[in-house]
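Q: Please give a close account of one part of this model, together with its surroundings. Kindly state the cut-offs behind each term.

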Amino acid sequence: MASVRYIVHDVDQAVAFYRDSLGFRLQQQFGPAMAILERDGLTLWVAGPGASASRPMPDGRKPEPGGWNRFVLQVDDLEALVADLRGRGVRFRNDIVTGPGGRQILCEDPSGNVVELFQPA
């Protein structure tokens, strides 16, 4: 089992994005603090400002959303999914790029966390 935790600004908004836009299934939600979602064997924990994972570190640094680390969702029809997500107002960091293994694009959840959408060659 693989689990990923993302720090988010708003748990309800994150749940709606991952469930309604990317096909995750909500397993459990702990009010506005945290939710657990699942898709294809990947468990995603989204932690809001009230979650213990969002508390400052001993040196004062505070966990925050964004950055470049990401998980990859393999999809069958990248162009159709990108068109659908653009229609929903989802932000993208780039356009579709082609590499030796396939095509990919980076989208952002409502808090700015990156999800790579990948269609193999």
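A: The following account takes the strands and their pairing in turn, and then the aromatic rings and the pocket.

This is a predicted model, in which local features need pLDDT of at least 70 and side-chain atom pairs count only at pLDDT 80 or more, while totals for chains, interfaces and linings use all residues. Residues are numbered from 1 along each chain as its sequence is written, and side-chain values use heavy atoms, with hydrogens and water left out.

Strand 3 covers residues 34-39; here helices (H or I, at least four residues) and strands (E, at least two) are DSSP runs, numbered from the N terminus. Six of the six residues of strand 3 are buried, so the strand is largely enclosed by the rest of the structure. Buried means under 20% relative accessible area, exposed over 50%, and partly exposed in between, with a 1.4 Å probe and protein chains only. In a regular strand the side chains alternate between the two faces of the sheet. Met 34, Ile 36 and Glu 38 point one way from strand 3, whereas Ala 35, Leu 37 and Arg 39 point the other way.

Strand 3 pairs with strand 2 in the antiparallel sense over five bridges, where pairing requires that DSSP finds at least two bridges between two strands. Within this pairing, Gln 29 stands opposite Ala 35. The two strands form a hairpin with three residues between them, and Gly 31 in the turn has a positive phi of about 55°. Strand 3 also pairs in the antiparallel sense with strand 4 (residues 42-47), over six bridges; there Ile 36 stands opposite Trp 45. This hairpin has two residues between its strands, and Asp 40 in the turn has a positive phi of about 50°.

Strand 8 (residues 114-120) pairs with strand 5 in the parallel sense over five bridges, and seven bridges join strand 8 to strand 7 (residues 102-108) in the antiparallel sense. Glu 116 of strand 8 is the bridge partner of Val 72, and Leu 106 stands opposite Glu 116. Strands 7 and 8 form a hairpin with five residues between them, where Gly 112 in the turn has a positive phi of about 95°.

The structure holds five aromatic pairs. Rings of Phe, Tyr and Trp (its six-membered ring) pair if their centres lie within 6.5 Å; planes under 30 degrees apart count as stacked, over 60 as edge-to-face and the rest as tilted. The ring centres of Phe 24 and Phe 71 are 6.1 Å apart and the planes lie at 70°, so this pair is edge-to-face. The pair links distant parts of the chain, 47 residues apart: Phe 24 is in the loop between helix 1 (11-21) and strand 2 (25-30), and Phe 71 is in strand 5 (residues 70-74). Phe 24 is buried at 3% relative accessible area, and Phe 71 is buried at 6%. Tyr 6, Phe 17, Tyr 18, Phe 24 and Phe 71 form one aromatic cluster.

The charged end of Arg 93 sits over the ring of Trp 68, 4.2 Å from its centre; the criterion is NZ of Lys or CZ of Arg within 6 Å of the ring centre and within 35 degrees of the ring normal.

Trp 68 and Tyr 6 are among the residues that line the largest pocket. A pocket is an open set of points on a 1 Å grid over the protein atoms alone, where a 1.4 Å probe fits, with protein on both sides within 12 Å along at least five of seven lines; lining residues have an atom within 4 Å of a point.
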